[in-house]
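I opened the model to look up its fold, its cores, its ring pairs and a few loop residues. My notes follow the order in which I checked them.

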Amino acid sequence: ICLGSSSNPPGMVDVRGDIENWEDTLALLSLSSLNFCSCSSVAHASGSLGQPTFVYTRPDAYFTWNSTPRGELSDWYENVRVWKTSEIGQWNQVIDQSLNYLYKDRDV
């Protein structure tokens, strides 16, 4: 499901119209088996809820993710794995790396 983008891949369910408040967002995050987030309040909420989370951020991101190497768990949340781009605006490589990590031991 998608909580925050208007350009979704095929098969993605957009629930933005069903979210009325922050509690709705937290409920959806808590029901998900893995949350994919940009560097935002949603990433922090997911981490605080203890949900497995992949956070995607720029190489010059602010302090919360800055000390975490790409693909490693955050110092702030034990369930959040940080994926930083090498270059601003270049997301393909880091998304591929995160998906390879996710599916590394599975027959997909």
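**Entry 1: Tyr-56 and the ring pairs**

I began with Tyr-56, which counts as buried because its relative accessibility is 11%. My scale for this: buried is under 20% relative accessible area, exposed is over 50%, and partly exposed is in between, with a 1.4 Å probe and protein chains only.

A caution on the source: this is a predicted model, so local features need pLDDT of at least 70, side-chain atom pairs count only at pLDDT 80 or more, and totals for chains, interfaces and linings use all residues. Residues are numbered from 1 along each chain as its sequence is written, and side-chain values use heavy atoms, with hydrogens and water left out.

Next I looked at the rings. The structure holds six aromatic pairs. Rings of Phe, Tyr and Trp (its six-membered ring) pair if their centres lie within 6.5 Å; planes under 30 degrees apart are stacked, over 60 edge-to-face, and the rest tilted. Phe-36 and Tyr-56 make a stacked pair, 6.5 Å centre to centre with 10° between the planes. This pair links distant parts of the chain, since Phe-36 sits in strand E1 (residues 35–38) and Tyr-56 in strand E2 (residues 53–57), 20 residues apart. Phe-36 is partly exposed at 44% relative accessibility.

I then checked Trp-83 and Tyr-101. They form a tilted pair, 5.9 Å centre to centre and 55° between the planes. Trp-83 lies in strand E4 (residues 80–84) and Tyr-101 in helix H4 (residues 92–102), so the pair ties together parts 18 residues apart in sequence. Trp-83 counts as buried at 4% relative accessibility. Tyr-101 is partly exposed, with 28% relative accessible area. Ring pairs join Phe-36, Phe-54, Tyr-56, Trp-83 and Tyr-101 into a cluster.

**Entry 2: Overall fold**

I counted four helices and four strands. Helices (H or I, at least four residues) and strands (E, at least two) are DSSP runs, numbered from the N terminus. Along the sequence the pattern reads α-β-α-β-α-β-β-α. The chain has 108 residues, and 32% of them count as buried. Its accessible surface is about 6900 Å², 50% of it from carbon and sulfur atoms. That area comes from the Shrake-Rupley method with a 1.4 Å probe; for residues, only the protein chains shown count as cover.

**Entry 3: Cores**

Which residues make up the largest nonpolar core? I found seven: Cys-37, Ala-43, Val-55, Trp-65, Tyr-77, Val-80 and Val-82. A nonpolar core is a set of buried Ala, Val, Leu, Ile, Met, Phe, Trp, Tyr and Cys residues joined through side-chain atoms within 4.5 Å. Another core, of five residues, lies apart from it and includes Phe-54, Tyr-56, Trp-83 and Leu-102.

I listed the contacts of Val-55 (heavy atoms within 4.5 Å). Leaving aside neighbours within four places in sequence, Val-55 is in contact with residues including Cys-37, Ala-43, Trp-65, Val-80, Val-82 and Trp-83.

In helix H2 (residues 41–48), the buried residues are Ala-43, His-44, Ala-45, Ser-46 and Gly-47. Their cover includes helix H1 (22–31), E1, E2, helix H3 (63–66) and E4. Just after H2, Gly-50 takes a positive phi of about 85°.

Leu-49 is in the loop between H2 and E2. This residue is partly exposed at 39% relative accessibility. Beyond four places in sequence, Leu-49 is in contact with Leu-26, Leu-29 and Ser-30.

Is Ser-74 buried or exposed? Ser-74 counts as buried, at 7% relative accessibility. Its place is the loop between strand E3 (72–73) and E4. Not counting residues up to four places away in sequence, Ser-74 touches Thr-64, Trp-65, Thr-68, Val-80 and Val-82.

Last, I looked at Asp-60, in the loop between E2 and H3. Asp-60 is partly exposed, at 46% relative accessibility. Asp-60 and Ser-86 are 9.3 Å apart in space, C-alpha to C-alpha, and 26 residues apart in sequence.
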